[in-house]
Amino acid sequence: MANKERVFNFSAGPSAIPEDVLLQAQKDLFIYPGAGCSVLEMSHRSASFQEIIDNAEASLRRIMDIPDDYAVLFMQGGATLQFSAVAMNLAKQGQKAAYAVTGQFSKKALAEGKRWTDAVKIADSSDKNFSYIPDITEDMVPQDAAYFHICANNTIYGTTWWRKPETGKVPFVADWSSAILGAQIKVIDHDLIYAGAQKNMGPSGMAVVIAKKELIDREIDPVVPIMLNYKVAMDNGSMYNTPPCFSIYMAGLMFGWVEKNGGVAAMEKRNHDRAAALYEYIDNSKTFSNPVRPCDRSITNVTFTLPTQEDTDAFLKMAKGRGMINLKGHRSVGGCRASMYNGLPDEAAPALIACMKDFEAGKRE
Ligand SMILES: *Cc1c(COP(=O)(O)O)cnc(C)c1O
């Protein structure tokens, strides 16, 4: 049962963290067992912290089934800095790179890619306001590109690449920020995955990179800042400098929580079931609608609209009055969005659907 004093937080990020994880962090915060001080204060070179980072990585490897020939890196600068890091590590300056644009984050990734590479857009779903995922066939991907980049779960538009694009020999890179650990991702289908932590891996301050070692184990242009260099991060166990210790500690607790609760398969089932209930309600509603092609719908970010802005405002107010917050759509698109990551309690989605039904029946609180 969820704590009654806590709201149901549908935020797209930073987002809800499981109560068990918060309570564990609270317990460890004054004195981390065996360290005599908190994780906020300990040296990153201490045995205690080495154990924290090693356990976090090992746990992530187990729950995502990450093979040994992939590196796991804990990087700073969020997912956004990975837009730059991917380009600067995988491509020589001016080399070709391919992008699919399926929303705001892939657009931003392309813009950063252009600073370093000859980035080309090979697919774009803006013609239908990013409401679908395009098909990618090998002939669309320039085979001399250094990599092909997608945003695999479009947090703002509520779409997901459920079908693997065919890239041929070109390394395949995916930003999984808003579905990592919420949906089963086949690591071996990718050459590089990255994700900002604050959606499903704890607080902000970190991005996780999972990359094929042979792809990043190479000398890159010395002009690239050392903090962006994947090989340096890999060779130094993600501790070339002081890492985001607290974010890594929290991510470790999140990984352990997923593991204890049935692994990513169980997370996906739970996310699938609650999203399906919400989509079913929306599809049969006369007030709420969702524009996304059904086969491309996200199970972690469900978007929906109401007929007018007044309706939207009234609905958001009613939901807030019932303890449901952050249901407003992204500032760039409006409408509503329910982000349902692993930390959201079971009671939240049914409460949201009940609120939508009551709204449709004319209630306003
Ligand atoms: C949130 C998000 C980002 C941006 O993450 P930051 O950590 O704020 O840089 C990038 N891509 C996707 C898919 C996201 O959901």
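This is a predicted model: local features need pLDDT of at least 70, side-chain atom pairs count only at pLDDT 80 or more; totals for chains, interfaces and linings use all residues.
Residues are numbered from 1 along each chain as its sequence is written, and side-chain values use heavy atoms, with hydrogens and water left out.

View 1. Helices (H or I, at least four residues) and strands (E, at least two) are DSSP runs, numbered from the N terminus. Along its principal axes, the C-alpha trace spans about 65 × 60 × 30 Å. Buried residues account for 57% of the 365 (buried is under 20% relative accessible area, exposed over 50%, partly exposed in between, with a 1.4 Å probe and protein chains only). Of the contacts between residues at least 6 apart in sequence, 67% join residues at least 24 apart (contact means heavy atoms within 4.5 Å).

**View 2. An open sheet of seven strands, with mixed pairing.** Read across, the order is β2-β10-β9-β8-β5-β3-β4 (two strands pair if DSSP finds at least two bridges between them). β2 (70-75) and β4 (118-124) sit at the edges with a single partner strand each, so one side of each has no neighbour in the sheet. Neighbouring strands are turned by 20° against each other on average, direction ignored. Helix α4 (residues 104-116) lies across β3 (96-101), β4, β5 (148-151) and β8 (172-175), and runs at about 165° to β3 (axes are lines fitted to C-alpha atoms, for helices over the stretch in contact, and angles run from 0 to 180 degrees between N-to-C directions).

**View 3. Strand β9, covered on both faces.** Five of the five β9 residues are buried, so the strand is largely enclosed by the rest of the structure. L192, Y194 and G196 are on one side, I193 and A195 on the other. β9 (192-196) pairs with β10 (207-212) in the antiparallel sense over five bridges; here A195 partners V208, and L192 partners A211. β8 and β9 run parallel, joined by three bridges, with A174 partnered by I193.

**View 4. Helix α1 (residues 19-30) and its buried residues.** V21, A25 and D28 are the buried ones. They cover an arc of only 70° around the axis, which puts them on the same side of α1 (the arc is that of the directions from the helix axis to the C-beta atoms). They pack against α7 (245-260).

View 5. A cis peptide bond joins G13 and P14, with omega about -10°; P14 is in the loop between β1 (8-9) and α1. F130, in the loop between β4 and β5, has a positive phi near 55° without being a glycine, and counts as buried at 5% relative accessibility. L181 is not a glycine either, yet its phi is positive at about 70°. L181 lies in the loop between β8 and β9 and is buried, with a relative accessible area of 1%.
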